[in-house]
Amino acid sequence: MTSANTTPGLVCAHHHLYSSLARGMPAPKIAPHNFLSVLENIWWKLDAALDHYMIYWSAALGAAEALLSGTTAIIDHHESPNCIEGSLDVIHAACTDIGIRVIPCYGVTDRWNDDGRLQEVKASSPITRGARLGFAETERYLATGKPAMVGVHAAFTCTDETLETASQLSERFQTGVHIHVAEGPDDRGAESRLQKYAKDNWLIVHGVHLREPIAGTIVHNPRSNMNNAVGYARPAQWKNRIALGSDGIDSNMMSEFQLAFVAGRANDISFSPDLAWGWLFNGSQLVPETQNDVVTWNYPHMDSSWHIAYTTSLHVTDVSINNEYVLSEGSLTKVDLGEVRRKAEEQSQRLHHALAMSE
Ligand SMILES: [Zn+2]
């Protein structure tokens, strides 16, 4: 680090930029009673309602807020089952317009049958039309040469054929698979179906209910895990590289570090902030270019995990990516933040209206 009030660019190793428009959404009519009902009643209805306008402004808002909190790269996991083709281009365009790095993927799944209805997935069933479209979008985007990953929702919503296809595609393009693993009880045992495919370049997201080792970087999302009451992942138990993600809650990785520390302490009084600090900066191994990004903070001890673990009101004043200032004295340089918020609000209202109509 060049001086104590700067850090390299932070990396959000697992995001869902499409969730930016969920804020302020009316509460679901049926209160969720477990993690699967959160998915079914909130997220799987929301992603089914997305169109290109919503995807663009959701990504733009998430990207803008990421820069404001010192995050210079987002590894995104996207799903929009009724608007798949071109969706990764839209996310890339929004992030580029804001000035942030993005490594997108399309989260392939077989949970929608060929009539567009939710279904329970058997491992032995044939691959669905929706999964094929997801792979087609992935392949099309990877062929452009832009950084990206092969996305899979989770083993429990995928057939064996889909998991195998994801593995083959990632091998062909020499990129990893970005997949939720054992986040909640419904995906317990996922590792037994994935171990034969997983490689060091995979992103194993959550791993809360993981029992056996699996190759890849484990992405820890403590805020999301608390929000969904799925339990504490105890990432320190694994030898894997650990990185931090927000799982779509926001893009503030310094907050995620602080919570990763508190969650670690709640589980073990000897948990050191240095450990969670290491997880935060492991993100730079996933997107090495961020090591040259410079984030300037309003605080002089940004090289000390023991300071940051207990310091509130940290603010980012400037961000430079590829030697270009994308945030200067607290203002975005490429876009007007007020305009981004206004446009996102319009799309948010459209999305909430579409969700109300679907009930
Ligand atoms: Zn996620």
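Before you click on anything, one cut-off: a residue is buried if 20 or more other C-beta atoms lie within 10 Å of its own, exposed if 12 or fewer, and partly exposed in between. Keep in mind, too, that this is a predicted model.

**Stop 1: two loop residues**

Start with Arg234, in the loop between α7 (222-227) and β10. Is Arg234 buried, partly exposed or exposed? It has 15 other C-beta atoms within 10 Å, so it is partly exposed. Check its backbone while you're there: phi of Arg234 is near 45°, a positive value in a residue other than glycine.

Now jump to Ser313, which sits in the loop between α10 (305-308) and β12 (316-321). Ser313 also has a positive phi without being glycine, with a value near 60°. Count around Ser313 and you get 6 C-beta neighbours inside 10 Å, so this residue counts as exposed.

**Stop 2: the three-stranded sheet**

Next, select β2, β3 and β4. These three strands make an open sheet in the order β2-β3-β4, with parallel pairing. β2 (10-15) and β4 (101-103) are at the edges with a single partner strand each, so one side of each has no neighbour in the sheet. Look along the sheet for the twist, which averages 20° from one strand to the next.

Zoom in on strand β3 (residues 71-76), which pairs with β4 in the parallel sense over three bridges. To find one of these pairings, pick Ile75: its bridge partner in β4 is Ile103. Then bring in α2, which packs on this sheet and touches β2 and β3. The direction of α2 makes about 140° with that of β3.

**Stop 3: helix α2 and the core**

In soluble globular proteins, nonpolar side chains tend to be buried together. Here the largest nonpolar core has 96 residues, and Ala60, Ala63 and Ile74 are the ones that touch the most other members. Which element gives this core its largest share? That's helix α2 (residues 52-68), with eleven residues.

Click on Ala63 and show what surrounds it. Leaving aside neighbours within four places in sequence, Ala63 is in contact with Leu17, Ile74, Ala94, Cys95, Ile98 and Ile100.

Leu61 is in helix α2 as well. With 25 other C-beta atoms within 10 Å, Leu61 is over the cut-off and therefore buried. Beyond residues up to four places away in sequence, Leu61 touches Ser20, Val340, Arg341 and Ala344.

**Stop 4: His92**

Select helix α3 (residues 87-98) and find His92 in it. His92 has 20 other C-beta atoms within 10 Å, so it is buried. Show its contacts outside the four places on either side in sequence, and you'll see Val102, Pro104 and Lys146. Tyr197 is 105 residues from His92 in sequence, and their C-alpha atoms are 28 Å apart in space.

**Stop 5: the six-stranded sheet**

Now for another sheet: six strands form an open one in the order β5-β6-β7-β8-β9-β10, and the pairing is parallel. Its edge strands are β5 (107-108) and β10 (242-244), each pairing on one side only.

Work across it pair by pair:

- β5 is joined to strand β6 (residues 150-154) by two bridges; look for Gly107 opposite Gly151 in β6.
- Strand β7 (residues 177-181) and strand β8 (residues 203-206) are joined by four bridges, and Ile179 stands opposite Ile204 in β8.
- β8 pairs with strand β9 (residues 217-220) over three bridges; here Val205 faces you opposite Val219 in β9.

**Stop 6: a helix crossing**

Finish with helix α8 (residues 253-267) and helix α9 (residues 273-286). Their axes come within 9 Å and cross at roughly 145°, and the crossing is right-handed. On the α8 side, select Met253, Phe257, Ala260, Phe261 and Gly264; they meet Pro273, Leu275, Ala276, Trp277, Trp279 and Leu280 in α9. What kinds of residue make up this contact of α8 with α9? Ten are nonpolar, one is polar and none is charged.

Definitions and conventions: Residues numbered from 1 in each chain as written. Predicted model: local features only at pLDDT ≥ 70, side-chain atom pairs only at ≥ 80, totals over all residues. Pairing = 2+ DSSP bridges. Axes fitted to C-alpha atoms, helices over the stretch in contact; angles between N-to-C directions. Left-handed = near helix turned anticlockwise from the far one by under 90°. Contact = placed C-beta atoms within 7 Å. Nonpolar A, V, L, I, M, F, W, Y, C, P; charged D, E, K, R; others polar. Core = buried A, V, L, I, M, F, W, Y, C linked by C-beta atoms within 7 Å.
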